[in-house]
Structure formats: C-alpha cells, structure tokens
Amino acid sequence: MSFVDYTKEIQVVEGKQPLRTIDDIISKPLETKPDKKFYIAISVTLTMLMFGVIGLGLTFWYGIGMWGNNNPVGWAYDIVNFVFWVGIGHAGTLISAILYLFRQKWRTGIARFAEGMTIFAVMTAGLFPLIHVGRPWLDGYLFPYPNQHSLWVNFTSPLLWDVFAVSTYLTVSLIFWYVGLIPDFASLRERTANKFKKITYSIFSLGWRFSNRHWQHYEMVYLILAGFATPLVLSVHTIVSFDFAVSILPGWHTTIFPPYFVAGAVFSGFAMVQNVLIFVRRIFNYEHIITLNTLEKMNKIMLVTGSMVGYAYAMEFFIAWYSGVQAEQFTFFNRALGPYAWAYWIMVTCNVVSPQLFWFKKIRRSIPIMFVVAVFVNVGMWFERFVIVVTSLSRDYLPSSWAYYTPTLVDAMILIGSFGFFFTWILLFTKALPVVSIAEVKAVVDGAQPSHKDH
Amino acid sequence: MNDSSKTNNVLWKSIEGLNNDPNIQKMKEDEFLDGVTEDFHPNQLSGISRRKFLALLSASAAITATACTDYQDKGEIIPYNKRPQEVLPGTENLYASTCNGCSLSCGILVKTREGRPIKIDGNPDHPINEGKICTKGQASILNLYDPERLKEPLFNNRKISWNDVDKNIIEVLESAVQKGKEIAILTGELTSPTTKKVFDKFSEKYPTTKIYSYSTINQSTRSKAWFECYGSYEFPSIKFDEANVILAIDSDFLVNEDSYLENMRLFTKRREVVGKTDFNRLYVAEGRMSATGMMADYRIRVSPDEQYNFVMSLVNELSKKGSNIEFDPVTKSMVSSFSINNFSKKIGKEKLNYLIDDLNKSRGKSIVYAGSTLSKEVHLAVNLLNEVLGNSNLYNYLNENVVILPQSSREDFDRLIDSMKNGNVDVLIHFGSDPVFYLPYDFEYQSSISRVKTVISLSESLNESCSLSHYVLPLNNQLECWGDSFVQTGVYGLQQPVISPIFNTRQKESILLTWISGSSSNFSSDNYHKFLIENFTQTVYTKLNSFSDAKRVWLSSLHDGVVTLKNVEKLHKKISQSWIPLLKLAKENSGLTVHLTESYFIGDGYFANNGWLQEVPHPITKVTWDNYAALSPLTAKKFNLKNDDIIEVSVSNSKIKIPVFVQPGLSDKTINIEYGYGRKVIGDVGKDIGINPLQLISKNHFETKNILTNASINKIDGTHKLVTTQEHHSLDDTFVKDFHKIRKIIQEGTVEKYQKDPKFLHEHKHELFSITNEHTYSGNKWAMAIDLNKCTSCAACVASCNVENNIPVVGKDQVGKGREMHWIRIDRYFSGSPEDPIASNQPMLCQHCDNAPCENVCPVNATNHSPDGLNQMVYNRCVGTRYCSNNCPYKVRRYNFFDFRDHFADEYYQNNLTALVNNPEVTVRSRGVMEKCTFCVQRIMDVRSTAINEGREISPNEVVTACQQACPTNAITFGDANNPDSNVAKLRNHNLTYHVLEELNIKPNVTYIAKLRNTHSEDNS
Amino acid sequence: MSEKILYSYTGIFNSPDEIIHAAEKAVEKGYKKYDVHTPYPLHGMNSVMNLPPSKLGYIALIVGLSGALAALLTMFWISAIDYPIVIGGKPLFSFPAYVPIMFEVTVLSASIATVLAMLFFFFKLPNNAHPLNGTEYMQKVASDKYGISIQCDEKLFEEKSVIEFLKSVHAKDITPIYYDNEEINYKHKIFEPKFILFLVIAGLITSSVTYFTLNKLMFIPPFTWMMDQSRLDVQSSSVIFSDGYGMRNPVEGSIARGSLPYQFQGQPELAGEKLINPLPSTKNVLELGLKKFDIYCSPCHGFYGEGNSRLQGHFPNPPSLHSDKVRNWPDGRIFHVITDGQNIMSSHASQLNVDERWAVVNYVRVLQRAFNAKESDLQ
C-alpha cells in the first residue's frame, strides 16, 4: 500500500491519459467479440434465472401456497427481496446525483455503472410487488385507471405509494441514464465503421454534435435532474419504509424507519456496487479510471452508513423500552432472544460489526478484504429485512395467532432467480454500452480543462 | 297440450322453445337481433365507393364488437314445471326433524333451498335442545354429500339389484329358520320405538332372530347403578339450573357427555351477568383435562381410578356433618373406612375444605354428577352421596332416560361368538353398526365372522364390518329418512326426509320390512313411512287424546318435529343400600391409568370421514386431524417425553403406539386418549387418521368401561407431527407467560369483586382520542357481543360458520402450516401453574372495527366500510397482497393460499355432489383471495329485503348470525347497536364489557363480557 | 451532379487553451452564427462565448408545480367526489396520505418535461442529417480535438476573411462543410410498402390477442372472476340427479315449516263453518288485499269483482262476486275457493300465502259492501 496524503485532492484518473486512449479503453469491450469468460458468466446467471422462472411457474400454477407464507406471516421472502433490491438500487442515483451536487469528481469513474445497477436492481425489485399477489393477472387493479366497475384505487395505502414511487424512480433513473449516454453514443457513432452499429448509435445519439451551445443546456439539465433525483432517491426508500411504518404492527410501526431504511439502502447499495466494480475494473483493466482511491472512498461511505444503521438498531431498542408499550417491548426482546434470534444476530454481526473494520486504512485499501466485508454487508442487509418483516409478523398482538415461518424450496428458487435476473442484465450491459462515461471522464483527466493563464 | 309428456323429461330453455314459434326460428336463423344490422345490405348500396367502404367498415366493426363481447354460455335456466306449493325458488324452507348423529336424538330444523338441504340447526320447539345443535350435528350435513357414500347395493363387492338382494336374503333367512340356525342382528344404541317394533315383527316372522345392541358411547354403568339403588334402569335427568354447587366427577357433562346441550343450557342459566348474578359454583374432580374442567371454578386433580375412594370419603366426611338418610349399620362401617386425609395431601387442604363446606352448606341445592365413562361403583357412590346431601329434588323425573333396547352384556356377546364359531349362526346383520371396529379385540369377533354363512352390513359408507360382509347394503342418510325417537320420557321426536334418496339407497327399517313381507316385490319406497304413521296412531295419538283426527295430529306433529307427552312425575324412591356390602375399598393401582374418552368432534368414529369435523380444533389442545396420548407435564418429564414423541401404551397384553401430547392440568398418573380415531376402512378423509385406542379394551373391561388401570408406557423412537391451530407456550416460560392478561386480551374478575365494585373493570381506563373526526353511522350499525361467562368452547359456532359460509377443508398439512380457513376460532389461554392451569376461552372473529386498520392498507379498496358499519370484503376486487392480514391485530383474516377444494386430498371435495352443500347465497372464493367473517351479511340482506317488502324497519334482534344461532349457551348476541332496545346495545353498556386491544383505538364492534369466576377470593388466579 | 451548397468553414485545435483563445477572437471579430465543438464541456467556454443562461429551469418549475396540483385534484376528485368510500374511518379527503404521490408525480412530470424540452425544442434533435455529422471534423471533435465552425449564413461571412481569421488563430486543417444533396433532395413518402406491412401485422396481432383474451382466456379458471362457482344456484341443472333438474320436489308426505296441507280439501261447506277469519279489516290488511287482488284475481274477476274479465273471452268469465250467494258466504267459504279452487278456477295456494288469502277475503268483503252501500255507510 503506497502512502496516501489525504490533505490534497488526488487526481481522479491516474496518470496523464491521452484522451484517445480513454476512448479506446472504454469502448474496447463494445468492439471486441465476447470471450470465453463472458460466456461462462452469462450461462451461470442464466441458470440462476431459470430457477426463478421455474419457481414462479409453480407459484402461478398452484398459488402462493407454494411459498412458506402463512397466517400470521403474510409477507416473507417476497417483500424481503423487494426491499432488498430497492435498497441495492439506491447507490447508483446517490453516486450520480448527490455526489454530483457535492461536486465529488471521483464519482465520474463509477457513476455510469452505478446508474446501470440502479436500473437493473429496481427492475428486479419491481417484479416482486407484481408476483407476490394472489392473483397476479389482476395487477392492473393497482393502477388508477377508469374502469367498468368505476372503482378506483385507495390512495391512503402505502402499497399504492410504492407503485408510484418505484415506477417514478425507474423512469427518472432511465432518463438520467440516457441523458448521460447521449454524448457517448455520439462519440461511439463517430468511432465505429460497422454500418449497423453506426445506424443504431446514430438513432440513440439523436445526432448529437458536441456543440458548446448544446453543452451549456445539457449541463443545466444534468444539474436539474440531479436536483430532482436527490430528493427522489431519499423518498423512494422512505415510502418503502412506510409500508411498515404506517401499519400498526409492533416492530413495524416506528418513526425511525425512513432515515434508517435510507441509510441501510445506501449501505447495501454501495456494498453491491463495490463488489461488482472490483470485477469490472479487473476484467476490463479500468484500474486507472476506477482507482483504488475511489474504492476506498466507497468503503468510507459504507463505514458511515453502517454505523448509522447500527445506531438505528440501538435506538429502536431504546424507544421500545422507553415507550412502555408491552407489545412493543416484547417484539424487540423477541427479535434478540426469540425463535428468530439467529437471524437477528447474523444481521448485527454483518451490518454493525463487519464495516467497523474500515476504520483501518490497510483494510480499506485491500481489495480482497473489502470485497469480503461488502459481501457480508449484503447478506446482513438481506437479513435485516427478513428480521423486520418476518419476526414482527410471526409474533404480534394475540399470542393465540403466533406461528413460526419456514421458507420453502420455491422461496429459495425465486430468491436465486432474482440474482440471476439482475446479473444477466449487468453482463449484457457491459457488452452493450460504455460502462464508464466517456465524456465525463475526459473532462476530469488533468490538462483536459483550460489553464486560465490569461485570466 | 299434446307434448306435455315431452316437457316432463326434456329440458327446454324457455316457454317459446316448446311451441315452434316462427319468430324463434327466425331469431335462431339470423345471427344478429333486430336493429344491429338490419338496414345493412352492401349490394343494394349506391355505387358511391366511399359509402360502400364506410358500410363495410361499420359492418366489420359490428362483427368485431359482437365477437369480443360474446360471453360464453352460463348454462340454461331450468324452472320447476309445476312449482310445489311450499317452495319458492331462491328462498329457504325449514323442515323439523330429528338428528341421528348420536343417541341424544336432538330435534333439528333443516334448511333447504329448492328442495336441497343446505344447513342443519336446532329445532326451537324441542324441549331438550331448544333450538341448538352440537358441532357434529351442524357439520353432519356434509355426510349427505360425501362423495364416498355407498351408492349401490353390493354382493361380494359386485353391484347387484335391490330386487335380487331381497330375493336371496329372504331365502337365506327362511332356510336359517327352517334349520333352526340363529339370525343375529347387531345394532347400535336404539332410540326409535318404531324400529324396535320392526325388530319385533322381524323376530315374529323369523323366530330364530336374536337382537344385540352395543355402542361404545353409552350410559350402561349409570343406569345399572341406578337400578341397584332405585330398582329402575331409567335414571332421571338433572336440574342443573337449580344447583348452587355442582361437583362433576370426571364428567364432561357440559360439552361432550350425556345430554350436554341441555346441561349447557341449564348450567349457563346460572352464569347470567345481566340482572342479579347468582352464579352456581362448579367443582370438577377429574384426572384428564376436559372442556368442563376448563369451565370449573375449582379443578381438583383426581385420577379416575381413585374417584371411587374420593367420593366415598366425601360421603364419610359429609355424613359426619349430618345425613339425609339413615345408614344401615353395614353402610356405616363401610363408609367410615374411607378417610379424606390422603386426598387432602394430594389436592391441598384449602380446596378440599371449600368443597366440603360448599356441599355441606347447600344441601338439597347441590348435585354430584359422575361421568358415564366411570365404573358402576363410582355411580353407586355418587348416588349415595347425593342422598346424604338430600339432593334428590334436583332429579328431574319428568324427563327420564328411556332404555328402548338395553345394552347386551358381555355374556350375550360371548354366547353369540361361540355359536358363530361353531357355525350355529347363519345370518349376521350389521344394522348400521360396526362391531368389527368397536367390539373388544379378544372377543375374536373378526376371526369368527368367517364361520357365518351370510353376513349382511347395512351402512351409509364403507366400514370395517362391511369389508368382512357378503352383502353391503347402502343406507339413506339421516336427511333422507323417516323415523322417530324416544330418548327421554315425555319427549317424542319425529324425523322426516328433506330430500328423496340421491343414490340407489334405502333406509334400514324399510329393508327389514321388505324381508318381513317375505317377497321382494312388496317393497315400496314409503313402506316405513306408512308403518311409522300406523305406529304413531296406535301408540302416541292415543296418549294425546286430542280432538282432531289422527291424520291431522300426525301432520301437525310432523310439522313441529316433536310431541310432548304429559306424564305424571314419579316420586323419588328410597335408596336401597343392599349393594353396599358388595363394595370394597378400591386398591391403590401402582401403574398409570388410561382414560379413554369419546372424541369431541368425530363421535365414536361415525364422523371420521367428515373433513369439517376432523379440522375443528380440539377445545383444549387445539390439535386437529389426530388423537394422542395426553400426559401431565410431570409424567412427561419423568419419561422424558415431549410433544410428537411416540410411546407404546400397554395394558395387560394389548399395546398401541401413539404420539404424545403434554397437557397441563392432567393428574400425573392419568393418560387420556380419545377414541373414534384410527378407522381403517373408510373414505380417504378419515382413513388412518389417528390411532384406535379401543384396541386396548379387553372384554374384561366391558363393565368397568373406559378406565384401564395398571397401564405402562415406554418411549419408542420416531415422532409423529401433531398439528395445532395455536402455538403452545409452556406455562412456566416467563418469556411469554400470561400475555393474555398483560395485554388485556382476557379480562376477568370474581363474583365477589364484581358485587363489591361493579365497575372494577374500568378503574384504570384513560380517554382515547383520534386526530380525525369519527365517521358517524345513521341507520343500522351491526355489532356483536360475546359473553365469556357462557362460552364452553364447544365449537358449535365454528361448525355452523363453516357450513353457512362455504369454508373449505384445508387438510392436515395446511393446518400445520397455519393456513386453516375458519372465520371464527376459539382461542384458549392458560395461566397459573402447569399442575392446575386456569383456562380462559375466547371466540375470536373479525371485529369489524370502525377504524379498521386492514382497510387503510388495501391498495385496491377491496376491503372497506359499508354504510351499516360492516367491514366488508369485495372478493372480486381483491388481488391478494395479504397486507390487510398483516395489519390486522386480531389475525382473523384468512387467505386462500390455494384453491383448497381443489388442493385438499386431490380434489376430494371438488365435485358436483359436494358442491350441493355450499350455500347458494355465499360466494365460493377462488385462490389468491383474502376472506373473513362477514357478520353473515347474506342473512342481514335477507332480513332487510323482507323488511323492505313488508314496508317496516328491521326489528332490533331480527338478524341472527350463524354462530349466534348455533351457540348452545347463547353466549353470542348480534344486532343493531344504534337501536337502544336491541340486546347488543344493552350489552355494550354493561359494566363487564370490554374490547380486545382497546388501546389501539380501532373501535372494534365485537364487545366481550368479562368472565367472572365464582371463587372464594377476590383476585382470580 | 449540381455543385454543393456551403454550410460552414471549420478549424481544428489541439488544446483547450487554443480553442478558448479562438472563441475569444471570434467574439471580438463580432461573429454571431458560429459554434464551438468539444468532446466534453469546457469550463469557462460559456462566458467566453457570452451565451445567455439556460431557460430550462423555468420549464422544470412550471411543469413540476402543475403536476403536483393535477395529482392533488385527481386524488381529491376520485376519493371524495366520484366514488366516496369510507376507509378505516378516515375522512374522505385525507390530505396527508396524498403527499407522497403528489411528490412523485411532481418529480416525474418535471424531469420528463425538462429533458424532452431540451432535446426536441432547444436542440431540435433528432437531427442526424445535420451537415456536420459524418464529417472528418466531427470525428475529431468527438474524440480528442476541439473545433470551431463559422456558418455561411453569418452576416459577416465571406469565404476569404473567414479562412483568414481561422489561420490567424492557428486553426489546423481548415475545411469547408457542405450540405449533403441527397438528404436535401430526399422526398418522404407516407405509404411506403414496409410501413403498410408493419401496420397490417400490428393490427392482426392486436386483434387476435384481444379476441383470445376476451373470449377464451377470460373463461379459463382462475381467470373467471369466480364466475364458475362450485355450488348449485337457483334454476340451474345438476348432473347429480338423474332427471338433470337442480331444483328438487319435497318428499311426498313431508311438511315444511308453516305449510301444513290445506285441511278441508274438497269440503267447501265444512271449510265455511270451521274456518274463522284471523285478520281484522285494518288499513294495512286491506291494502295488502287490494294489491294481491289486483295482481291475481282481477284478470278474470275484474278490478271490482264484477266478473268483467280483461281476457276478452280467451277464458270464460267468472260470475260476479256481488251475487247474494257470494255475499252470504262465510269468510271461510271464500277462503276455501281461493285455496282449493272451484270449477275451472284453479287453486291459488301457491301464489298467495295464508295471510294474503285472508287479506284478499277482507278486500272482497269491502268491495261487496261498496257495491251495495247502505245509507249508514255514507255517514
């Protein structure tokens, strides 16, 4: 580990890269045929996806009964997965929007990729509300459209808020992503000789021509979008947390949920981005663009958010005790000591303890260790949602209706399938689009900006 | 008209369909009705292409439109050709009849729709059960529509026509008579005098006939004991409503024994909290944990084999304090040999003293009652004790228990089986009975049956005896039968069919009558009907000395379903003490004691194939679809057993392997096993459900009944999963102890406390306010009140609700997953110590909260509030997110995880026959839909429409929900809370009223009346 | 090959500083119709070219706010006006619950509007036909060079001076850019065969899918909205019973509650003396009687019981009810006729229940009295 001086800003792109080489590096994957590694990877993800498809098939054919859900545990893996994936989907927009507002230059290397992951994660998450219902062919009922029953939806239901939040989030992220892609499409258009590619790129680049009169508006729009995306990304997980916070169930009905969920989302999001990037930068030799410093910065964020989450856990307990409501207090004792204690302690070790390692610089800057920690964090965050959803439900107000929930094989298949779905998209993305924003990176290479000597 | 003949058998769509009206023909020919396309003729249009084009366009549009909107055929409409006077399609009819489910023969009122029975309820005019009917009775409607009913007569498992059956059998019978071989008829307990008469005629015609009667559930010991004391087998029923103190000796008289519907009613008359509270006090001395035990104010753990000593020592104690009768010297010495001391150790001085004081204080106003599973000796002792206390005036001689055909003794059966073995029995007729299943194994009935030339089984569905018979003759279901019953003096019940036999079945009496007539050609479907009327006229009509003619009286009695006969009350005889010397002090039994009791919901196994009953949770353990050996926690610890372990119970030289269930409150030396389970030859639902403990009974126990002493158990490896509808928490687990009290789910007090301070329940209550202003309900607002003082957890409400609301059967695996569909459940909470737990029961159903939390979270408005305060489910709008269920603090919503009719026991109940049991007024929910209690909205709507037709308001207590109608103790009250004269409105303002989870401020509309325990202290625990 | 039309002159620079300098010069020279092309936005370029600040912010503001308002109004209209349902005892218009959705709609509408506005109104994209596209120049500026292009519709444009100027700022390879003739001369046809084919296929697919869903899919369980109930409804057939009728006849000799068979079958006289009219002639009773009489009796007997049938001789007229014979009948006798029928009049027992029959009897009495009223009645 070389000595790092944190006092002065480190350059984002290491070494003085000529702009053309940047072009070359970034567009290389798009211009070369996919190699063996790629085919192996995609076949793995596709098999995982197959599991999911089979699981869903069984569910649709026989009914939700194929899952472990019961009365009282009406929600289990389905919603756990939903919240988990929505959480993953938070890093991207945070990196590309919030860090943009904070003028964090180091974001440029990872922004595009993170946004991509956001979109795929939200797509994956979006599946679950649609499939978790008993009669999925009637999902249309969830949208307010005039119909022959002249019946409308219930605007006081958090689930409906979800419908709006998630769909908005997906749309805006897509727009944001596309706007960022336009100049890159243009430069790809100019590079490629292949006729078909040229046509496609021309269509998507909309005939962009790097005019400065455009750049001016373009930057303004980028700013505005960032401005919108920032509260949006916070709102989405807030609203997801309302699913629980608005109910009256002890363990769900908590005011701390919105900030707690957002922190958790960023936490898991960064972990996932970091995991994937470690592979990407190695495979495509982006070490100079996605630098170790960037990764380290991400680890720092993980440390912060991880500690926030830890604080939230503690605070929940305190408030439960402080409230003096017996049901409330019991729910939390039950989490730590009840039949689901194992899940709770997995959660705590993974989310609170493991990120604390990032206090040490060595660990922050060691790729294998940070990778392992990030994996832990993802596992932990999945279990956090499991603990919140399942333990609270399994033992609520009336002891007479308590019951233990055990997942079935189909549950597991669908969980695996969701990962398959997500990573398949990621793989296709790496071969289809520039995973790093060409224009943005160029703009931050040193010497890329005028040295206002005569001003 | 000429083709009237045609109309009878051919189905036609409409009147016009009959006579070939040219219009109809025309309508059939051109596809579109007038107006759609009549003015469209492309060829006749002028040459202008535009118009032609437009015309074609519109035409194609019209065709597409019709194509897209052609809904598929929903089946033709089939009215009555000639409507029967009493039937109005779409409205219900009620038929008074009598239930044959068990020997109680309660009066029932069968609800039919268009001549098809859809529900069974009690007959309000019946003096014994006064409009109530038990769980089994409620659910027994399913037996009529059981897909595995016998449909055709069988000879060696091959179909055969009734005609041949009759011909052959009559030959067989005659030859038997000629050869002087015995014709044995085995019947269950007989309740019908007319059937008895048929037997008599049969024996006249075939003199070598012998009749044997036996049923596992019987009162033989009680009636024998009565005979020895008072010289008559016919013992009186008890006036429980007049008793201030009741001591039940191992007797489940409230929920599952003797005339329990009547007992419950009389008992709860003394648990009334409206008006003055003069509660009776119930002591239960028992070895097992019975539903009656859960009602007890004081429970005393006495193992059944010690009961005799216990009662005698009570006699001793109380006779010291003075006696109502003179003891003979023998008796005196005999009695004095029993001492209470060794019990005061076991039971605890305090309790015992309370008991003795109470009995002593309320002499003549108390009753001691022994369970019918106990031996004759205990009953004798109890009779003596009652005499000592002078309680004889609580005997109700107006309703004596009638013995039409006494139980055959052990000797009878020994003789029968001997003569079977050496081939002296030619014909064996199982008259709707199943001896192979319930006769003690060491009679070797099963093996010796092969020596009989002709074995005939009359049965509704296959059973163990059928499988060994040559002839299997299908019987009518009780709802297809004529009949009568005479089980208590003064009450003569009549039974009438409400539907003509669905399959090629006959009723057992009419089969015998045909054989009596001596020729198969003499059969006529109404031969027993005629016989019955004739018998009625001879026996009953003459007693009635009414003015109108016999026919008229018959019809009106049939209409009422019951005739009350005046009879003079017998005077109470002096008790004979001649039997005393024969008694001796029962010796201590070293080993464990097995107590076999009747299963709560499937009787002696007759109802084993009834899915609804198999799935009703056991009142105490909440176990479904199984029986088990219940052990006390201490015994379990001793043999280090836990739930689901399998043990081998062995008595003398018979053994059974059975799973264990650890049950607080059992006496440490008692093993309680319920019989009726473990049927081997039966429909798919009941086959191999549970273990058959009757295999333990040897013929030596024929007299001592179901108490098997000197039993031993040993653990064997392997487990068997018992599924319950309620998670079990060990009572000493401080982690979850007494939550029902802490969370004010159950609120209780004692009578003393209540009399001191009627408002004690509402001492620490603080004002609840909501930030939004409440929605007000003008007009009706439906509400329910449940009186926990009266709930005996008999689960009649559950069964009634199942039948009324088309609740599916989900099966054992799904119950195990916690997916049972019952809309109303009875929660059971234990507090106190594992040795003597205090049980609290609470019927829990949708509370129809004003601020229903389930409604806020439904994204599609599938659940919302009706203008009359109902929390309603719109099944067809429901997409099934289950969010409402998550947000329901009472967890009373039920979700169709599968299409359960389709999923249970590969589509067992998914067929056209079982579909007939479903209530046409209630939607059959598809999979993926949430459902819950609707307060029987279909009944509300029914009442409302009648009220509107008659241009009046709905009267305060007019609407009756299914559970309310079924509740034998009227613990459930329903009505319009906005109407001050309704019973509900009154109860809502009662001092003992509370809501479950009140502090959530969701304003439930089901209010509970706190239970008062009639103990000596002010604090209940 | 007609000679090309000139669009602009372009020059290439290697470093950001050079292009900035060039831009400054161009401004000094007073050029308006010129543009600078860089692979990424250059800091300070806007100020150098002194471009006015972008107006896009306003669009975002306006559209966003209107989106929020629209959302609020829609939700209010839906849940308080169009279909008010009480949900969880909450007020019909519960604003707090609407905030999240309002927010989402704001963001959605605003961001979409802004982007669309930029691309299609400000930039007039898509425009792949622009003369600069597909030129060497564009390839360079897309990658690592910086270029300036001075259009020929510029007022001060004049070939030499422009080239001069570019030279003066040390622009590399200065090249003229021409319009592409083909693109200029290209004519758009509306009905290209490809397009038509596409339409036809799309139409076929949509209609066949619609047909399948509406007529097949919707009738396969469980998609049937529970239309196929596993129960037997009124007036439907059943395969269980041999004759196929779902509605059964009660068993011979069984008695339903409240329907004891009529006692005096065929004994009118006996009925006359035995039966006593239980109903008083109260207003309600008579109204009921009137109603039932008009429905069931009047077609033959006429509204006033004079025997003037409305059936115009399709069915023989009954005798008047005002004959002395009928007037002197006891109530039970009339009741008997209604219940049991008489001559060709059939029994009306299945149409009228017992009370209704008695009510009709009372009403008939009233009619009779009305038809020969005595003086006393007028008082």
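Start by selecting chains A and C: their contact takes 65 residues from chain A and 70 residues from chain C, where contact means heavy atoms within 4.5 Å. The model is predicted, so local features need pLDDT of at least 70 and side-chain atom pairs count only at pLDDT 80 or more, while totals for chains, interfaces and linings use all residues. Residues are numbered from 1 along each chain as its sequence is written, chains are lettered from A and ligands numbered from 1 in the order in which they are written, and side-chain values use heavy atoms, with hydrogens and water left out.

**Chain A against chain C**

About 6000 Å² is buried between chain A and chain C, and carbon and sulfur atoms give 68% of this area. Buried area is the accessible area (1.4 Å probe) that two parts lose on being put together, summed over both.

Next, select Arg20(A) and Asp144(C). They form a salt bridge, with the closest N and O atoms 3.6 Å apart; the count between chain A and chain C is one. A salt bridge here is a side-chain nitrogen of Lys or Arg within 4 Å of a carboxyl oxygen of Asp or Glu.

Across this interface of chain A and chain C, 23 residue pairs are in polar contact, both residues at pLDDT 80 or more. A polar contact is a pair of N or O atoms within 3.5 Å; within protein, one must be able to donate a hydrogen and the other to accept it, and residues adjacent in sequence count only if both atoms are side-chain atoms.

Now colour the helices of chain A. H8(A) gives the most, with 17 residues. Helices (H or I, at least four residues) are DSSP runs, numbered from the N terminus.

By class, the side of chain A that touches chain C has 33 nonpolar, 21 polar and eleven charged residues. Ala, Val, Leu, Ile, Met, Phe, Trp, Tyr, Cys and Pro count as nonpolar, Asp, Glu, Lys and Arg as charged, and the others, Gly among them, as polar.

**Chain C against chain B**

Switch to chains B and C. Here 52 residues of chain C are in contact with 78 residues of chain B. The two chains bury about 5600 Å² between them, 60% of it on carbon and sulfur atoms. In chain C, the residues that lose the most area to chain B are Met226(C), Tyr245(C) and Arg257(C), together 14% of what that side buries.

Helix H8 (residues 193–215) of chain C gives the largest share of the side that touches chain B, three residues. By class, that side has 25 nonpolar, 19 polar and eight charged residues.

**Backbone stops**

Select Asn71(A) and Pro72(A): the peptide bond from the former to the latter is cis, with omega near 20°. Pro72(A) is in the loop between H2 (36–62) and H3 (77–88) of chain A.

The peptide bond from Pro221(C) to Pro222(C) is also cis, with omega near 5°. Pro222(C) is found in the loop between H8 and H9 (268–274) of chain C.

Finish at Ala905(B), a residue other than glycine with a positive phi, near 40°. Ala905(B) is in the loop between H32 (900–903) and H33 (912–915) of chain B.

How values were computed: Helices (H or I, at least four residues) and strands (E, at least two) are DSSP runs, numbered from the N terminus.
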